[in-house]
Amino acid sequence: MASKNHQAVDLDTFIEGLEKRNEGQTEFIQAVREVAEDIFTFVKDRPDYQEAQILRRIAEPDRIVSFRVCWEDDDHNIRVERGWRVQNNNAIGPYKGGLRFHESVNESILKFLAFEQTFKNSLTGLPLGGGKGGSNFNPKGKSDAEIMRFCQSFMTELYRHIGPDTDVPAGDIGVGSREIGYLFGQYKRITGRWEGVLTGKGTAYGGSIMRPEATGYGAVYFLRDMLREADEDIEGKSAVISGAGNVALHAAEKLCELGGKVLTLSDSDGFVHDPDGIDADKIAWVKELKNERRGRISEYIEEYSGATYHEGEAPWRVDCDIAMPCATQNELDESDAKALADNDVMAVCEGANMPTTMEGVKVFQDAEILYAPGKAANAGGVAVSGLEMSQNSERVSWNREKLDDMLTDLMEDIHGKCVERGRSGDSGHVNYVKGANIAGFEKVADAMLAFGVV
Ligand SMILES: NC(=O)C1=CN([C@@H]2O[C@H](COP(=O)(O)OP(=O)(O)OC[C@H]3O[C@@H](n4cnc5c(N)ncnc54)[C@H](O)[C@@H]3O)[C@@H](O)[C@H]2O)C=CC1
Ligand SMILES: O=C(O)CCC(=O)C(=O)O
């Protein structure tokens, strides 16, 4: 059926307008481009979606709050940073998504993350809208007291924009349990209310068991489902992982538990390669290094002599069956993807958000390598955050077994949606990007249609 809407545009015109309106915001444009092609094809037979300009509306955040964050360092210097909250879309639930503290943070990065979050949260099947926030504050080398003062100052402005039914932030790069504790403490101090306004809290004060593990474990569950679909499994497979943070270390932990062999971990300075495998004991050592001593991954080779350290390099040229980028956006480019393909990588499963460039994704797709995009594969974290919200509302705490079962089922369900929407008729190959984009879009689009023009 042809569209009656005189404003209906084709894909090229849509992209042109997107680039014009968001000049220089390369990450945001990349994230929207990555879904636009699939959605334009999908809505061809859905004039209601076309006429309501749903994608155009999802690609324009509901609002962006930007604010000054002043804090005092240990030498009594006054420091000024910028803070943001991007509230992208709350059609299906309160805005939900992490806070990132990293010197690279800017509006483009937070807009891409909030846009992707909208699709990801929809895929979980839970009532969660999409948002993201953070600051260009660089936590590296800061004392605990400095981190606390920064978090308190950040929350002193943010608190007026969030709430358990409006917007529920959580952690992301540079924001872990320590930072969530300081942020939650300040929210409670200002408002006088204990409520489920943040997730990723400590279990002593309303956090959910399994939330720290959920993103990494969930990504490995998705990988297991994807391999199962192709009559393969994790047992005996070698894996390269980037990052050494929350997502990377929990993905490594679960891979080991399921019989995989983890060969690498990395940070922004370089990567370590341990041909003997980075087993559970070694992962526990890295957790202590990163979370307690706040050290660099290069220190690994002083502890484990069989390993090598590669300064300034990423791990993608190490021969492996499985690759899991778990550090940051655009950390895996076209030449990295070709190196992985040349080494006959079987599956690429993203723990990070948009870690592969568009050119890299094309290499994986052309080679029909099993490729799981972050918006599907790393959705376990926000899903368990959704379960933390439910537990806070009900004033209950579920146990590990129940939460792990729920996470397993949620990831299986997301995988199933991707297969349903992403399987190609002729070859039977599953395009997980297309599957995730369409399945994530549909629920948000239906809610937006129901609301009329708002
Ligand atoms: N924490 C969570 O629950 C979720 C996180 N993610 C995504 O996973 C990724 C990692 O996040 P977390 O593990 O939570 O953060 P984290 O702060 O615990 O760890 C980040 C890791 O990435 C490394 N890294 C940061 N910038 C880098 C760069 N430019 N080059 C190379 N390495 C770099 C850091 O050294 C660190 O090892 C991010 O893309 C984040 O958005 C996605 C879903 C949920
Ligand atoms: O748990 C959450 O709300 C945040 C998770 C997140 O930031 C993400 O999925 O990228």
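Tutor: What follows is a run of questions about labels, each set against its rule. This is a predicted model, where local features need pLDDT of at least 70, side-chain atom pairs count only at pLDDT 80 or more, and totals for chains, interfaces and linings use all residues. Residues are numbered from 1 along each chain as its sequence is written, chains are lettered from A and ligands numbered from 1 in the order in which they are written, and side-chain values use heavy atoms, with hydrogens and water left out.

Student: What makes a residue part of the shell around ligand 1, and how many residues surround it?

Tutor: A residue is near a molecule if one of its heavy atoms lies within 4 Å of it. By that rule 23 residues surround ligand 1, and the closest are Asp172, Arg211, Thr215, Ala244 and Asn353.

Student: How do you know that Thr215 has a polar contact with ligand 1?

Tutor: A polar contact is a pair of N or O atoms within 3.5 Å; within protein, one must be able to donate a hydrogen and the other to accept it, and residues adjacent in sequence count only if both atoms are side-chain atoms. An N or O atom in the Thr215 side chain is 2.6 Å from an oxygen atom of ligand 1, so the pair passes. The side chain of Arg211 has an N or O atom 2.8 Å from a ligand 1 oxygen, and for Asn246 a backbone N or O atom lies 2.9 Å from one. On its own, ligand 1 has 820 Å² of accessible area, of which the protein covers 81% (Shrake-Rupley method, 1.4 Å probe; for residues, only the protein chains shown count as cover).

Student: Which elements give two or more residues to that shell?

Tutor: Helix H8 (211–229), helix H9 (246–257) and strand E7 (261–267) do. Those names are DSSP runs numbered from the N terminus: helices are H or I with at least four residues, strands are E with at least two.

Student: How does the ligand 1 shell divide by class?

Tutor: Ala, Val, Leu, Ile, Met, Phe, Trp, Tyr, Cys and Pro count as nonpolar, Asp, Glu, Lys and Arg as charged, and the others, Gly among them, as polar. The ligand 1 shell then has six nonpolar, 12 polar and five charged residues.

Student: And what about ligand 2, which residues come nearest?

Tutor: Of the 13 residues around ligand 2, the nearest are Lys96, Lys120, Lys132, Arg211 and Ser385. A polar side-chain atom of Lys120 lies 2.6 Å from a ligand 2 oxygen, and Lys132 also places a polar side-chain atom 2.6 Å from one. Two or more shell residues come from each of strand E3 (95–101), helix H5 (107–123) and helix H15 (380–394). By class, the ligand 2 shell holds two nonpolar, seven polar and four charged residues.

Student: What does the side chain of Ser242 reach?

Tutor: It reaches the backbone nitrogen of Cys326 at 3.0 Å, and the Ser242 side chain also makes a polar contact with the side chain of Glu331 at 2.7 Å. Ser242 sits in the loop between strand E6 (238–241) and H9. Its relative accessible area is 1%, so Ser242 is buried.

Student: What is the phi of Gln53?

Tutor: Gln53 has a positive phi of about 50° although it is not a glycine. The residue lies in the loop between helix H3 (47–51) and helix H4 (54–58). With 23% relative accessible area, Gln53 is partly exposed.

Technical notes. Buried means under 20% relative accessible area, exposed over 50%, partly exposed in between (1.4 Å probe, protein chains only).
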